[in-house]
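Let's take a walk through this structure together. Have the sequence and the 3D view ready, and we'll go one spot at a time.

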Amino acid sequence: MEAGTTVMQQVQISEAVLEKHVYSVWALPREDVRVRVKKLMEGLRSEFGGPQFEPHVTVIGAIRLTEAEARDRFKKACETVKAYSATVEKIDTGTFYYQCVYLLLHPTTEVVEASALCCSHFGYNRSGSYMPHLSLLYGDLTDEEKKKAQEKAYILDEGISSLSFPISHLALCKTDTEDKSCKSWETVDECSLQP
């Protein structure tokens, strides 16, 4: 035991180290794409509400781990996943809060393989097939509101549906899915992918 700490303090420190949180792995678009997408996201939020969050492509969503486990698995994933390209297929809408309005990406071999590699390193078993997407708006909107938001997105950025961009960075993020404001979400680690 360290000098000056009580047994109770040691137990609290140990519990904090072993505490599990919800983590996600995000693929990050390069800066010019992030700026463009943020502008679109802001335009949608101004009319439809919803929280502010960083533009990202979810590679692994919501896995509960200790920080040490998450960092270790992230480091191993970063060593094997190579940089890749993503291409927008269309603006689409989903059925739940975190996939309200999004850019649906073409599920090319390299996009799907990047996610599969990360999943294998994290021991993450996806319940269905991977749907690569970049969310534009989180919210509980009606189907009619989602359709309006989808139309508004096309108006705000006419060329967005033909956007292609490189993915050369991954981020490990603490993403408490109970926090719909996204204010507690934070980037824990980031890595550059090798070409």
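What follows looks at one histidine and then at some charged pairs.

A word on the ground rules. This is a predicted model, in which local features need pLDDT of at least 70 and side-chain atom pairs count only at pLDDT 80 or more, while totals for chains, interfaces and linings use all residues. Residues are numbered from 1 along each chain as its sequence is written, and side-chain values use heavy atoms, with hydrogens and water left out.

Start with His133, which sits in strand β5, residues 133-137. Helices (H or I, at least four residues) and strands (E, at least two) are DSSP runs, numbered from the N terminus. Is His133 buried or exposed? With a relative accessibility of 7%, His133 counts as buried; the label means under 20% relative accessible area, with exposed being over 50% and partly exposed in between (1.4 Å probe, protein chains only). Leaving aside residues up to four places away in sequence, His133 touches His56, Val57, Thr58, Gln99, Tyr102, Leu103, Leu104 and Leu105, where a contact means heavy atoms within 4.5 Å. The His133 side chain also reaches the backbone oxygen of Met131, at 2.9 Å.

Now for the charges. Side chains of opposite charge can pair when their charged atoms come close. A salt bridge here is a side-chain nitrogen of Lys or Arg within 4 Å of a carboxyl oxygen of Asp or Glu, and searching the whole structure turns up 13 salt bridges.

One of them joins Glu31 and Arg34, at 4.0 Å from N to O. These two are three residues apart in helix α2 (residues 31-48), so about one helical turn separates them. Arg34 counts as buried, at 18% relative accessibility.

Another pairs Glu47 with Lys152, their closest N and O atoms being 3.0 Å apart. Glu47 lies in helix α2 and Lys152 in helix α5 (residues 143-156), so this pair ties together parts that are 105 residues apart in sequence. Glu47 is partly exposed at 47%, and Lys152 is partly exposed at 25%.

Then there's Asp189 with Arg71, a salt bridge of 3.9 Å, N to O. Asp189 belongs to strand β7 (residues 186-192) and Arg71 to helix α3 (residues 67-80), so the pair links parts 118 residues apart in sequence. Arg71 is partly exposed, with a relative accessible area of 33%. Salt bridges that share partners join Glu67, Arg71 and Asp189 into one network.

Conventions:
A polar contact is a pair of N or O atoms within 3.5 Å; within protein, one must be able to donate a hydrogen and the other to accept it, and residues adjacent in sequence count only if both atoms are side-chain atoms.
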